[in-house]
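I opened my notebook on this one to look at how the chain packs. Here are my entries, in the order I made them.

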Amino acid sequence: QYSPDSVAGADGELDPTEVTFPGCSCRSSSCALPQCPCLRRGHSYSSLGLRMPEQQEQPFSRPVFECNSLCCCGESCQNRLVQRGLQLRLQVFRTPRKGWGVRALEPIPRGRFVCEYAGEVLGFAEAQRRIQAQTPEEPNYIIAVREHLHDGRVMETFVDPTRIGNVGRFLNHSCEPNLFMVPVRVDSMVPKLALFAAADISAGEELSYDYSGRFHNSPRASREHKPPEEENSLRKPCYCGSRTCASFLPWDSSLFSTP
């Protein structure tokens, strides 16, 4: 079932459509700092910079909060981007070795929002149950996103587009990707998993991102570890073809382990 936005999972633990953030009272056509409380919560898109990792001055990033449905600003506000959804022409196509993939049908400039990775938002227990119920031959679409807070806490978001999702479910992994993921919050603390162009992308070029999150984030933020040889039998081979290919798709054993 196609859905442009994430929906509450079958476990009913989280509802991404619930509005829990207050709206801003800005009356201008487009919100700006320092007046707008939505922008004061974290990064604005202009200050986010969308920079490559080697250009990052700090090993962390502030969160991104968009204006929401309770805000007084108009639909043209510059702080409403990801919530507008897909604005580009993309095509799902069959790749030689990786199954389905997604390519751009028009040039995409660096820093442009491309699409959301949308699906069912699950709690940890349901995500783990679904992962462990899969056979090794089945594709795994569940993504686990972990945000490391300054006080040491870790916020986890699990999105599964296996049954309900959007075009993002067809994006392949690459060890040298042209997209990167940013959790963006609009109505509540449940983030939208937004994918941005990490470089200028040509029409016809396949779109990809690093499933492990290493590409745009601090390497130590990844939960992935070098697995023992016996775990390699559970891992899927990587066919990205990049010079730095790790040979296997990223691995996160936490969803496979039993309590």
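I began with the largest nonpolar core: of its 24 residues, Ile108, Val114, Tyr117 and Leu207 touch the most other members. By nonpolar core I mean buried Ala, Val, Leu, Ile, Met, Phe, Trp, Tyr and Cys residues joined through side-chain atoms within 4.5 Å; buried is under 20% relative accessible area, with a 1.4 Å probe and protein chains only. Strands S4 (100-104), S5 (113-116), S7 (143-148), S10 (179-185), S11 (192-197) and S12 (206-209) each supply at least two residues of this core. S11 gives the most, with 3 residues.

A note on the source: this is a predicted model, where local features need pLDDT of at least 70, side-chain atom pairs count only at pLDDT 80 or more, and totals for chains, interfaces and linings use all residues. Residues are numbered from 1 along each chain as its sequence is written, and side-chain values use heavy atoms, leaving out hydrogens and water.

Next I looked up Tyr117. Beyond its neighbours within four places in sequence, Tyr117 is in contact (heavy atoms within 4.5 Å) with residues including Ser6, Tyr141, Met181, Leu193 and Tyr209.

Then I traced an open sheet of 4 strands, ordered S2-S10-S11-S5 with mixed pairing. Strands are DSSP runs of E, at least two residues, and helices are runs of H or I, at least four, numbered from the N terminus. Strands pair if DSSP finds at least two bridges between them. S2 (64-65) and S5 are the edges, each pairing on one side only. S10 and S11 run antiparallel, joined by 6 bridges; Pro183 stands opposite Leu193 in S11.

Last, I checked helix H3 (residues 124-133), where Glu126, Ala127, Gln128, Arg130 and Ile131 are buried. The buried residues of H3 pack against strands S6 (120-122) and S8 (154-160).

Definitions and conventions: Buried < 20%, exposed > 50% of the residue type's maximum accessible area, 1.4 Å probe, protein only.
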